[in-house]
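Thanks for coming, everyone. I'll keep this brisk. Please have a look at the structure first.

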Amino acid sequence: DLRGLDLLAEIDRLKRERNAVILAHYYQKPEIQDLADFVGDSLDLSRKAAATDADVIAFCGVRFMAETAKILSPQKTVILPDMDAGCSLEDSCPPDQFAAFRAAHPDHIALTYINCSAAVKALSDIIVTSSSAHIILDQIPKDQKIIFGPDRHLGGYLARKFDRDMLLWPGICIVHQAFSETELLKLKAEHPDAPVAAHPECPPHIIDHADLVGSTKAILDFALSSPANTILVATEPHIIHQMEKAAPHKTFIGVPGGDGNCNCNMCPYMALNTLEKLYVALRDLQPRIELSPEIMDRARVPLERMLEMAG
Ligand code: 13P
Ligand code: SF4
């Protein structure tokens with residue numbers, strides 16, 4: 001029974017006792033973002049996880065992010081407040097099916113979005129995030145055949161924008177897939193001067209209206225540096241917390257999903273992490289990421305390639 005506990009003070013005490021660092025993604029609840037040592041996008045979180053000298057990484061994000069931290073820092077204990085914090089992109093790409101897809105295209109390299117399991121990373125040549133994909137693609141010769149998985153929208157966006165022919169795995173993010181073009185057009189009509197920032201996991205009918213397409217970090221930077229006073233945000237709306245903190249005089253509007261009356265633009269996996277679960281995880285050092293050394297060794301190669309190529 002955690003009632004009566006001062007969770008913030010307890011988390012802080014345990015963090016010191018354990019020599020832990022708390023890393024959080026922009027889609028986490030505001031109270032988690034506020035107590036984290038670092039909040040970032042997938043690429044910056046990977047860099048932090050690889051560089052930290054803490055003994056314990058408390059990862060407030062989803063499982064593939066915590067696994068990435070473990071793979072890059074295998075000697076560290078990596079805890080995730082809720083082990084059920086998965087990702088629909090990971091679910092869409094079972095390793096055995098991905099292995100068969102690769103085997104059917106032996107002359108292709110596998111450029112793989114970081115939103116996938118460790119086993120799929122182990123089957124890949126280079127990992128990318130939404131902020132590093134274009135820099136990495138630029139270093140791959142034009143005549144090199146490429147398989148891109150598991151996000152077909154990010155892959156399709158890259159293929160169109162950089163005129164690259166890529167074989168796409170048919171995965172989607174259930175959150176970005178749900179953004180409504182009708183609702184976006186209504187918002188644009190109400191706020192004709194407001195630019196639109198969208199994540200590349202959005203389908204083309206959203207991307208086509210965007211003034212900026214980029215990672216969560218790129219969306220945040222754009223929202224803060226734009227001279228506009230109102231910004232329309234087509235990604236998971238918890239990132240708006242950072243925008244409002246940094247620019248309280250501006251208005252940031254999250255684009256609704258579905259018919260505008262659902263919470264389907266919120267990531268149900270990210271939402272599983274709570275302060276209570278973070279406290280328990282720091283106290284018990286559970287749930288903890290455990291991966292086979294063999295998978296980690298193989299998955300580290302394409303991840304380190306990403307860090308090197310992304311600069
Ligand atoms: P970023 O790398 O842009 O933070 O994206 C992570 C993610 O899961 C988006 O849905
Ligand atoms: Fe996965 Fe989408 Fe959630 Fe990101 S927002 S973690 S891609 S389900």
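First, the ground rules. This is a predicted model: local features need pLDDT of at least 70, side-chain atom pairs count only at pLDDT 80 or more, and totals for chains, interfaces and linings use all residues. Residues are numbered from 1 along each chain as its sequence is written, while chains are lettered from A and ligands numbered from 1 in the order in which they are written.

Domains, then. There is domain 1 (7-86 + 270-291), domain 2 (89-173 + 299-310) and domain 3 (179-254). The bounds come from an automatic or database domain assignment. Between domain 1 and domain 2, the C-alpha centres are 26 Å apart. Their contact takes 13 residues from domain 1 and 15 residues from domain 2. Contact here means C-beta atoms, placed from the backbone, within 7 Å. On the domain 1 side, helix 3 (42-51) and helix 4 each supply at least two residues. Helices are DSSP runs of H or I with at least four residues, strands are runs of E with at least two, and both are numbered from the N terminus. By class, that side of domain 1 has six nonpolar, four polar and three charged residues. The classes are simple: Ala, Val, Leu, Ile, Met, Phe, Trp, Tyr, Cys and Pro are nonpolar, Asp, Glu, Lys and Arg are charged, and the others, Gly among them, are polar.

Next, the core. Nonpolar side chains tend to be buried together in soluble globular proteins. The largest nonpolar core in this model has 95 residues. Such a core is a set of buried Ala, Val, Leu, Ile, Met, Phe, Trp, Tyr and Cys residues joined through C-beta atoms within 7 Å. Buried means 20 or more other C-beta atoms within 10 Å of the residue's own, exposed means 12 or fewer, and partly exposed is in between, with C-beta atoms placed from the backbone. Among the residues with the most contacts inside the core are Leu 23, Phe 59 and Ala 197. Helix 4 (residues 63-72) gives the core its largest share, six residues. Beyond its neighbours within four places in sequence, Ala 197 has contacts including Leu 212, Phe 222 and Val 233.

Now ligand 1. Which residues surround ligand 1? They are Asp 41, Ser 42, Asn 115, Thr 129, Ser 130, Ser 131, Cys 173, His 199, Glu 201, Ser 215 and Thr 216. To count as near, a residue needs its C-beta atom, placed from the backbone, within 6 Å of the molecule. The shell has one nonpolar, eight polar and two charged residues. Ligand 1 lies between domain 2 and domain 3, because both give residues to its shell.

UniProt, in an unreviewed entry, has a "binding site" feature at positions including His 25, Ser 42, Asn 115 and Thr 216. Those positions use the numbering used here, feature names are shortened, and annotations may be inferred rather than shown by experiment. Take two of them. His 25 sits in strand 1 and is buried, with 26 C-beta neighbours inside 10 Å. Thr 216 is in helix 13 (residues 216-225) and is buried, also with 26 such neighbours. Setting aside residues up to four places away in sequence, Thr 216 touches Tyr 26, Asp 41, His 199, Thr 235 and Ile 239.

On to ligand 2. Its shell holds 13 residues, and the closest are Cys 87, Ser 88, Cys 173, Val 175 and Cys 267. Helix 5 (88-91) and helix 10 (174-177) each supply at least two of the shell residues. By class, nine are nonpolar, two polar and two charged. The unreviewed UniProt entry also places "binding site" at Cys 87, Cys 173 and Cys 267. They span 181 residues in sequence, yet no two of their C-alpha atoms are more than 9.3 Å apart, so they gather at one spot. Cys 173 is in the loop between strand 8 and helix 10. Cys 267 is in the loop between strand 12 (251-254) and helix 15.

Last, the backbone. Most residues other than glycine have a negative phi, and most peptide bonds are trans. The bond from Gly 149 to Pro 150 is cis, with omega near -15°. Gln 286 and Pro 287 are also joined by a cis bond, with omega about -10°. Asn 19 has a positive phi, near 50°. Asp 163 has a positive phi of about 50°.

Terms used
Two residues are in contact if their C-beta atoms, placed from the backbone, lie within 7 Å.
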